[in-house]
Amino acid sequence: MDILDKLPIALFIIDENGKIVFLNDSASNFIGDSKEKCVSKDFFNFIDDKTALQSILKKSDNKSLPKYIEVRFNRINGKSFYTFLSIDNYYNPETQQDQFIVSLVDLTNQKMQLELIKENQVRFENIANSAPVMIWITDVNGLFNFVNKIWCDFTGRSVSEELGLNWIQDVHTEDVQPFMEIYTKALENRNSFSHQFRLKRKDSSYRWLMINGLPRFSDQNDFLGLIGTCIDITTQKENEEYIKKINDELETATKSKDKFFSIISHDLRSPLSGIMTLLDILANDYDSLEEDEKKEILSEAAKTSKNTYRLMENLLEWSRVQTGSMNFNPQNISLTSVLNNIKNLYSQKLKEKSISLNFEFEKEFVAYADLQITETIFRNLISNAIKFTPEFGIILVSFENLSDKIVVKIKDTGVGMNADEIAKLFRIDISYSSVGTAGERGTGLGLILCKELVEKQGGEIWIESEVGSGSTFFFTLPMAK
């Protein structure tokens, strides 16, 4: 039996009544007494739960053993330990009797570690459930195996309903793919990540969340999964959108101011300076000028005055739109009457360039719009068509009913525009104007004003054009009520 004394586990041989027949040095040390004093003692006296062991010994046979049980073992000094017992049959050749060999393994450290893990788990859950942020934990595959109370309070679902990847169904459809790409990459690379996405709250509204995740590793540096938090940043996002809107409005206001002063300093001063020069010539050299020269000077001054007046009208209208001081009184108005007034207004200009302004509609079209604003839109678009249509050209105005809107189409046979030129129209941040077919000059303000006035009435404006094939301006007005 000397070789048994060298085994690192406690080993006992007991008879069918539980009396110790033999024990090795490890067993003696475990009990805390000498081998001589331990032999012949009742092994059951060292066990808390004697019944389980006694039952095994009474019912034992070659088929039922070995057996394994977990018991609490008591030492001589009163201390006790969690142990794991292995019981098997043993035939003693010296006594020629069937006995039992019992090996004992101390489980105290393992039990303490399990209790500590359990205690730490309970402590962590208590802390996590009291935290003011949403906390989550995953396994190595990225499947959620823990969410805290505030997470469940947010979604209105139980912990079990959120585990795995069940919670993904409440992510906004537009945010699922970009989130999963970042999430999967963090799992593959085992690194941290941060992302913003929308998650449905228990009231069915979507809230913006900032999710942050970190990798978890064991003491042996084995990857265990991810742990992270989610914070509701909806208010922050709304504030950012509001600040962006304010900044955009300030930027637009700055561009409008720059455009305004550009027109005042150049486009308005230049024609006034020209008129002054013409009148100075007429005043200083009146007697020496021929009659035809006087008429030519007066005609040029009159033409420049009219252009300047139209510019002033547009400038005043535009400034009223920018400051919000423009009156807006929508009512049912006849578009036929508006067009007839515009045709009369530009009759002389049409006659000078031999341009035909035709209306292609049979029935009366009535829109629900502001009369003065609508006249300003038509006036600028038709004036623009006259400007870029050569002699003997045609301008055609037509209407089309489209659901609850009227689509106005103003088509000319003018010079047309390329894609780059079209992209510059209606933009306040780009100073763009071109010379008409008869040398007419402009500021580009008229089209910008048209866009703002059309949108003020709830419509939209766009253009189709091709160089050498003319242009067609479209805009919509609400149908009469």
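Buried means under 20% relative accessible area, exposed means over 50%, and partly exposed lies in between (1.4 Å probe, protein chains only). The model is predicted: local features need pLDDT of at least 70, side-chain atom pairs count only at pLDDT 80 or more, and totals for chains, interfaces and linings use all residues. Residues are numbered from 1 along each chain as its sequence is written, and side-chain values use heavy atoms, with hydrogens and water left out.

**View 1. An open sheet of five strands, with antiparallel pairing.** The strand order is β2-β1-β5-β4-β3. β2 (20–23) and β3 (67–74) are the edge strands, each pairing on one side only. From one strand to the next, the twist averages 30° (axes are lines fitted to C-alpha atoms, for helices over the stretch in contact, and angles run from 0 to 180 degrees between N-to-C directions). Helices (H or I, at least four residues) and strands (E, at least two) are DSSP runs numbered from the N terminus, and two strands pair if DSSP finds at least two bridges between them. β3 and β4 (residues 80–92) run antiparallel and are joined by eight bridges. Lys67 faces Ile87 of β4 as its opposite residue.

**View 2. A nonpolar surface patch that includes Leu7.** Leu7, Ile9, Tyr68, Phe84 and Val105 make this patch of about 400 Å². Patches consist of residues with over 30% relative accessible area and no salt bridge, with like charges joined within 9 Å and nonpolar side chains (Val, Leu, Ile, Met, Phe, Trp, Tyr) within 5 Å. Accessible areas come from the Shrake-Rupley method with a 1.4 Å probe; for residues, only the protein chains shown count as cover. Leu7 belongs to the loop between α1 (2–5) and β1 (10–14). Its relative accessible area is 34%, so Leu7 is partly exposed.

**View 3. Strand β6 and its partners.** Five of the five residues of β6 (residues 134–138) are buried, so the strand is largely enclosed by the rest of the structure. Met134, Trp136 and Thr138 lie on one face of β6, and Ile135 and Ile137 on the other. Four bridges connect β6 to β10 in the antiparallel sense, and Ile137 has Ile227 of β10 as its bridge partner. β7 (residues 144–147) is also antiparallel to β6, over three bridges; here Thr138 is partnered with Phe144. Five residues separate the strands of the β6–β7 hairpin, where Gly142 has a positive phi near 85°.

**View 4. The hairpins of β8, β9 and β10.** β8 (residues 193–200) and β9 (residues 206–217) run antiparallel, joined by eight bridges. Arg198 stands opposite Trp208 of β9. Ser204 takes a positive phi near 75° in this hairpin, which has five residues between the strands. Nine bridges pair β9 with β10 (residues 223–232), again in the antiparallel sense, and Met210 is partnered with Ile231 of β10. The hairpin of β9 and β10 also has five residues between the strands, and Asn221 takes a positive phi near 70° there.

**View 5. The largest nonpolar core, with 39 residues.** A nonpolar core is a set of buried Ala, Val, Leu, Ile, Met, Phe, Trp, Tyr and Cys residues joined through side-chain atoms within 4.5 Å. The residues that touch the most other members are Leu335, Phe378, Leu381, Ile382, Phe399, Ile410 and Phe475. Elements giving two or more residues to this core include α11 (335–345), α13 (371–388), α15 (445–456) and β17 (471–478). α13 supplies the largest share, seven residues.

View 6. A salt bridge is a side-chain nitrogen of Lys or Arg within 4 Å of a carboxyl oxygen of Asp or Glu; the whole structure has 11. Asp170 is buried, at 12% relative accessibility. Lys451 is partly exposed, with a relative accessible area of 27%. Elsewhere, shared partners join Arg157, Glu162 and Asp170 into one salt-bridge network.
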